[in-house]
Every structure is written in structure tokens, then in C-alpha cells.
Amino acid sequence: MDPQQQQQQQVAAILGPDAAPFESLVSQLMSSSNEQRSHAESLFNLCRDLHPDALAHKLASLLHSSPAFDLRAMSALLLRKLLTYRVGSSASDADLSYLWPRLSPSSQASLKSLLLSALHLETDRSVSKKLSDAISALASSLLPDSAWPELLPFLFHAVSAPDYPRLRESALLIFSQLAFYLADDTSFVGHHLAALHSILLASLSHPSSSDVRIAALSTSVNLIMALESASDRDRLADLLSAMMRTLTESLNSSQEATAQEALELLIELAGVEPRFLRHQLADVVGAMLQIAEADGLEEGTRHLAIEFLVTLAEARERAPGMMRKLPQFVGRLFAVLMRMLLDIEDDPAWHTAEILDENAGETSNYGMAQECLDRLSVAMGGNTIVPVASELLPTYLAAPEWQRHHAALITLAQIAEGCSKVMTKNLEQVVNMTLNSFQHPHPRVRWAAINAVGQLSTDLGPDLQVQYHQRVLPALASAMDDFQNPRLVGSFVYPGVQFSILVQAHAGSAVLNFCENCTPDILAPYLDGIIGKLLVLLQNGKQMVQEGALTALASVADSSRENFQKYYDPVMTYLKVILVNATDKSNRMLRAKSMECISLVMEVLMTLQGSQMETDDPTTSYMLQAWTRLCKCLGQDFLPYMSVVMPPLLQSAQLKPDVTITSVDSDDDIEDSDDESIETITLGDKRIGIRTSVLEEKATACNMLCCYADELKEGFYPWIDQVAPILVPLLKFYFHEEVRRAAVSAMPDLVRSAKLAIEKGVAQGRDESYVKQLSDYIIPALLEALQKEPETEICASMLDSLNECMQLAGAPLIEGHVKMMVDQIKHVMTASAARKKERAQRAKEEDFDAEEGEMLKEENEQEEEVFDRVGDCLSTLIKYYKASFLPFFDELSIYITPMLGKDKTAEERRIAICIFDDVAEHCQGTALKYYGTYLPFLLEACNDEDADVRQAAVYGVGVCAEFGGSVFGPLVGEALSKLNNVVRHPDALQSDNIMACDNAVSALGKICQFHRDSIDAAQVVLPAWLSCLPIRCDLIEAKIVHDQLCSMLEKSDRELLGLNNQHLPKIITVLAEVLCAGNDLATEQTVSRMINLLRQLQQTMPPSVLASTWSTLQPQQQVALQSMLSS
């Protein structure tokens, strides 16, 4: 008998009248033996694929009648999997795992009946819960089509059964899982919500069963979150008191496991629908604070209460400002969190510096407090948190116990991110608190002080570095002498950077942040002492100390740049010794950090590059960064090493995300994994585990590729064909923001590299068609990614890269993409407007306050960045296609014109005006039809309160004066009045206003040039214009205006010169100032024309007038002019 016939016989026996073979199969599916379980799964799948009706009947019968609870439980679990609908599943799709569509109508009817009957009869609670899951899975696909009319009557009957608490619990659990389907059913909400409300109210107060109460709480929470209408949610408002009683009664009866279930449900409610809690907020928050403060409760219970409170504080998008209005809330919670930081042990292992455990001595209370202080400060803001912290921190710092001192410093570091604006205003106090602790007798306090300086340097930079380097750097240098505590010297923040092996991931980013905020000039006076001490530390026998010193040296070298050159020889001597000797596995990090410092030793890097490394070897990441630093230093001279660098870099950039996806109720819990590199998130009914170390290496590699393309320009050309297919798909890599950022930044670098390679003749066999091919690949991908990008900041970067790609490729090469670009710009503007509208709605919430207003302002500023980039893209398209772009401009006008309204922000108005300015300038006569719509806005905006809006408006008036002809003529008088207001304003020459003033002067000149017949040029306008010259700040307009002055003089413009040449002295003074400024205020051609004009005046002016005018010039101007005229 062949294997196939044997399998068929086994299937026939399993599905036959004898129950034993099927029971045996289900038992084998639970076997601990992989071989036995795998064989059973094959047979089960064969039954499913070939005989769905028989399999469903067997499972239902086993569930209904088997005396073995484990078989019933497994049957319920198998049915749930078979009855769970997956999007796109159907019989025609051949998705055999979804059983329902393949069952006959009679089998479907029988299965529905058997499931409900089994639930009614089931006595075991664990089986009931699995059976409830199976019924819910099936119902979720049938209810939308009203295909299970018997279900709701059964459930309403079950939840009303007074003597069957187990059945009542099961029915409530089904209601809970179906809440989101039922809430979408207007018939259910209209006819059954009131009945369910009454049942929930009774079930939440069930006298004997905490299981029923928790199930009712679960249903209540899901229903409240599912109902979209606020009025429908309000119908359930009186459930809240009963929901809270479920929690408090569990605690009063010492059922903390039940209380923790209740807290987890309430946390979900707080995050999704915090406004439901508003009317009893004080009572709810008060109860949670009591739980958090109750030392007699389990840690898990207290932590969940704290999580509820922090989650509620973070739910600011749905309930802005609500928590800040509660008196004493922040003070009590902050005090609880600081007390939890005291739960730290002085573990002897921490002092040895021989282990890599950063958490030695820290407890779960300590970790929870750290995390929540950070989250709370970000959620509530500095104006709320800093006053509370200012009361508690001095008390803790004055206490004799080292734990309190340590807690104060950790608190300071944790709240810095959320309170940065307020803390920056109080830097003296913050720095004193931190530096005074450098001399504390306990090493853990000194370490906490160093750690705090590192965090503060990131969050409060560059103000901290600029204002207090003279105090911070010597204190850190002094701390390096603490050889009695090697962990301390191995954990330096230097300068302003924590370089501890214990916090390596944070240290890397802190080094980068510090270098961005610190100049070589700040470091220079301290280099001798710092580097000398770091070299001493490199000779220390403690590996952790050496690693800290290496990271410090890398940071100092990178920050001090050319100032580091004189230390090269002694530093390299020590680094080479470490690199040669640190070869075993325990020294991998030491070798990696040596690599970071020894970036200039090519031979060593190339040798290591060719060696095989383990996948988790940190050398890889450090080596990538070392090569990149070299590339920045050497520029084109780095090209010979690219063949060594690129292969492993491309490999890292192509790493696949290590993702594990399970259902939320799966027995395989990702969170139970001991691997700290796995981060878990929950999306809907899926739990996703992502290995972050893989993503970080991928992000680093993508950033390096971007850097090489940017630095090497045409030298990167040979790698474009390999890199583009890697980076372009990563524009939509939603697992990691940094990967997307790098991919977005690299797009114009790739186009530039290709274009330069062709222009400079280094792309043999390729012509401009290659740039078009690359642009045709990149631009559509950017546009598609733009539509789906969830982050506003990255959206702005995408538009920036798109604009740069357009400018590099040029009009002929991107013509085919214009319509798609315009469509995506419409989408971006629509989505942005929707986000702003949602924020405006939040501003109307009853709890909205000033702190929330600041946060909204920051979000809206990000949104304006998007609009600004949209304006840049449109500007490029208008310049390229001129009048042929106007049909697209007509489509966009419905988005642009509303941005001119007084209710819009200054930035929105400026962007809209700039877009019209480009249309008027580049489309000239064909744009006249828009003047009636836009010019009134421009004239009104000439006197706008915002200087940038004024500048855009007066520039546009000048453009319209130049190209508007008779259409602009009737508006000349109003335009002159508006422009005169700008140039004659008392503050016109202040730094904020000068650019608007310069552009207004330029516009006046254009009115004089193109509309002289409509103005009093001789007596009013030209003298006013001349009196404002030269213009010095807007260098583009300066060149235009001063060229215009030359043209008038060359024509001997009588109205400019004035009666009896009365304006000549002023004109000569203007020419002198322009000429003495070199080529800044005039083109080379204009400078030559001005010199010729002065020579002519020198010959034609009366000597006395010339001498008088010459005497008004400054001595240095006289000397410079004399030299020019005589040369």
C-alpha cells in the first residue's frame, strides 16, 4: 500500500463512526513530541482540506460530549482557528484554513447550534473561555450580514441567567469581543444598547462572582471605546462608578489578580477614550493614586495604577489639558515615583566594573519610576513638572541617605527631555544641583551626577555647553581621577556625553548630539588635560574603564577636529596596542571602541574588513562608522577603499527585519522572551515582536550609504546601480523611521552623483538618458511613499528630496511625472489641513490650557514645514514649465487661495503669496488673469504684522509692476502708498524688517521704471527711492536695484538727477558705497559700468561740486575709489 492510500485509510478511520481515532488525533496534536505532533497536524490538515463537513461535526461533537476537559479545550481552540475569517479568504481563493465557506448549509446550521449548546452545558471555565473565543470568531464574520439571528437572543438570555454565573461570564466575554461589530450596527445601538446597559450595570455588581464582574468590565470598556458617537457613550456614563467598584472590591477582598485584570482594562480605556472619565475624574484619579501609594499592595498592582495615571496624562490628543487641571495630581504621582527610585540596592557587583549588567542593584520599582518620570514630564510639560520637582529635589539632595541623593539626580536626568524649555531658563540651579554631587562620598551618587550631565547635555544643549563648559569640563576631568571606583571612570560623560559600556546605545547618540552642539573652540583649552588623563585610563587594567576612555577619545577627536592633530602620535600608539591584543570574545566591545578611535589606520581596517565576524559582533557597526568618518576627511581620496567598504555595507543595508507576529491571545508570548533586543507592540489583534538590533544596524548602513553618495559625488557613480534598488524600496520601510530618513536623504544624492558623472565624463557609455532612467525610478517611488508616510517630519523631508531631484534632473527629464506630482501635492495639502483641523478641534476642548497650546504650536510648526516644502516644489515646477503649468495651478488654486485668509498663520499666508509671486514672475503676461484674485491680498499684506509676509508681498508687488502693464496701472497709487509705509516705517532698518524694506525699495524702482507716466517721479517717487539706496541686506535685490540705477544714469535720467543735478552728490555716495562693497552689492558687469560712470562725472562735473561731494565720503572710500578710477 502506497503512503497516499495509507493516509486516506487513516483519515477514513479518524472521521468514521468510532470516536476513539479522532480523540487520539486531537491528543497527538497536544503532544510534546515534535514528530508525533507534526504527523498529527498533517492528518488534521488533510481532514480539513478534503472533508470539512465531517471534521466540523467531529470537533463539535467532541466539544459537546467528551468527558476529558483537555480534549474539549483543544477542540474549542481548533474550531476558533478554523472559523477565524482572514481578509481575502474565501473558497475561491483556495484558502483552506478558513472552514466556514466550505461547509454545507446543513453543516453550518448544525455547527452554530452545537456551539451555543456546548457553551450552555460547559462547566469548566477554561474551556468556556476558549469556546467563547470560537463563537466570537465565527460571529465576527456572520454578524455584518445578519447570518446568525439566533446569537443575540441566546446571549441576552445567558447574561440574564441568575443561577449560572459561568454562562453569564461566557456571554459577557462574547459581547466584549463583538463590541466593535455591534457598535457599528445602528439597529443594535438603537434597539439593544439600553438593555445591554442594564445588564452591564447589574453584572458589574454581581454579588458572588468576580469573574462575571471582570467580564462585564471588559464588555463595558470595549463598548465605550467602540461607540463613535459621544451621545451614545454618554448613555453609558453611569457605568463608571460600577466599573471602579469592580476594582476596589477586588482589592478590599484581597483578590489582587482580579484587580490587576481590572486595571489593565481601565488602562486601555484611559488611552483610547479618556473623556469618558472626565465627569468623575477626581474620584477615579484619587482612587488610582491611593493604590499607587499603598505600600501593602503587590508591586504589580501599584505599577498598573501608575501606568493608568501616566497613560491618562499622555492621552492629550483626545483630552488636552484635562489632567493638568486636577489639583495635587502631579505632586502626588511625582512623589510616588521619586520614592520608588529609592528602591535600589548597593549591589557589590556594581562596584567591580567586571560585569556588563547596567541594572545591578536596580529593582522593578526603580525601573518603573525611571520610565514614568520621563513619560510624565513629556506629557505634562515643564511648566507643570518643574514647580513640583523644585519642591522635592532640594529635600532629597539635603537628605543624609545616598539613595535620596541618587534619586534626585536620576529624576533630574529623566525629566530633562520633557522640561527642556523651562529647565534651560534655570540652568544655574540645574548645574549646581548636578556638579555639587560630584564630590558626594558614595560612588553611585557620583555616577548618577555624571549620568545626569550626559542627559542634560543632550536635552539642554547647546545652552549647557556654551554657558557652563568652564565648570562642567573641569569637573568631569577631576572625576577621571576616581580610580577607587572604576565603574565611575568607565562611565564618564565627556564632554557632556555619557560614555559608559552600561549605556552604550544612549552613549552613541549622545556623542552625536554633543558634537552637533559643541564647537572645537570650546574644547581647545581643555584638550591637554583631558587627553592626558584619558591616555592614563587606557593603561588601566579594567576593561570597562578602557572602553569608556576609548569612547571619550573618539568623541573628543571628532569634536576638536584639527585641534586633535598634535595628539595623534601618542594616542595612536596606545590604540594600536589595544587593537592587536583585544582579540578574544570577551574583549569584542573593547576592540570595537578601539576601531572607532583608530579610524585613520587604513591597513588595520582593511585587514579586519576581510575577516569573518559573528552576526552580533559590535565591531561591524563601529567599523561602518569609522569608514564613514574617513570618507568625510579624505573626500575623493577615499575612492580606492570603496571596493573594501561597500560589500559588507550593502549586506547590512539589505538586512531583513526580524519580526515575529502572533495573535494577542496566542499561547506563544513574545514578551516572555529573555532577549532584551526584542521590542513588542500590539496592533489590533496582533502582537508584533521586532529585533531592534537588526534594525539599528540596517539604519546605520543606510545612513552610511547616504553619506558616501553625498561626500563622493560623481565618485559614487559605480555603486548607484547596486544602491538604488536597495534604498528606493526602503522609502516605505515602516519598521524603522531612521531607515526611511536615510533612504529619503539619499535620493537626490544618487541623482546628483549620476548627473555629475555624466557631465564630467566618468560614466563611460552612459549619457543623459541614464539620469532620466534613474529619475523615472526614484521620483514615482518618492511620490508613492509620500502618500503613505505617517510622520509629518519625514513627509517634509520627502518633499525636500523630491524638489532637489526635480532641480537636478531638469524640466525635460521630469515632464512625465508632473501630473502625479500635482496629485500628490493635493493629497499632502489635504492631509495636512485635516491634521490642523483636528488640532484646532482639540484647542476647543474644555480642558485645553496654555501648556497644551505650546504643544499644539510645535505640531503646527512641523505642519508649516510641510507647506513650505510644497511651496518649494511648486516654485520649481512653475520656473520649469511657466505658462504650460497654469492648468495645474488652476487645479491647485482651491488649496492655495484659502491660505491667504486672515484666519491662517503668517507662514501659510507667506507660502501662498510666494507661490503667486512665482506665477506672476515666470508666466508674465499669461498670469494677468490671476491679478484680480491675488493682488488685493498682496497689497493688504504689504503692511502685515509679520516681516516675512511683508517681504513676500512687496516682492510680488514689484513683480506685478514689472509684468502687469495696464492691469497693474490702476493700482499704482495704492501700491506706492503701501510701499512707502514699509520703507518709511521707524523700524524699517531693524534686523527683522530690513529684508522687507529692501524688497519694497526694489518694487518702488520697478514702478519708476515701468509706470513712470502714472506717478510724480521727479518730485516724489525717485527722490524717495534714491534716498533708500544703497540696499545692503537682500543681495539679490541689491544687484537688481543697483543695475537699474546704472541704467538710469547712463540715460542721463533728468528726473533722477534732479533740478541742477541736485541729486548728484547722493548718487556718487551710493556708487561709492556699492563699489567699496566689492561684488556683494553689484555684479561684476555693474561694477565696471559704475566705474565708467564715475570717470565721466569726474570729467563733466564742476571741480568745486566734485570736491564738495568727495569730501562727504569716508577716508577709506576715497582711497578705494581713487584706486579704481586710476587703474
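These legends walk you through a few close-up views of a predicted model.

Residues are numbered from 1 along each chain as its sequence is written. Local features need a pLDDT of at least 70 and side-chain atom pairs count only at pLDDT 80 or more, while totals for chains, interfaces and linings use all residues, and side-chain values use heavy atoms, with hydrogens and water left out.

**View 1. Confidence along the chain.** The mean pLDDT (the predictor's confidence in each residue, from 0 to 100) is 84 for the chain, and 83% of the residues reach at least 70. Confidence is lowest in helix 28 (residues 504-517), with a mean of 37, and highest in helix 48 (residues 947-963), at 96; helices are DSSP runs of H or I, at least four residues long, numbered from the N terminus.

View 2. Aromatic rings of Phe, Tyr and Trp (its six-membered ring) pair if their centres lie within 6.5 Å; planes under 30 degrees apart are stacked, over 60 edge-to-face, and the rest tilted. The count comes to nine aromatic pairs. One of them joins Tyr880 and Tyr881 edge-to-face, at 6.1 Å centre to centre and 85° between the planes. Tyr881 is buried, at 12% relative accessible area, whereas Tyr880 is partly exposed, at 27% (buried means under 20%, exposed over 50%, partly exposed in between, with a 1.4 Å probe and protein chains only).

**View 3. Phenylalanines and a ring cluster.** Phe885 and Phe888 form a tilted pair, 5.6 Å centre to centre with 40° between the planes. Phe885 is buried, with 2% relative accessibility. Ring pairs also link Phe889, Phe916, Tyr930, Tyr931 and Tyr934 into a cluster.

Notes. Helix = DSSP H or I, 4+ residues; strand = E, 2+ residues; numbered from the N terminus.
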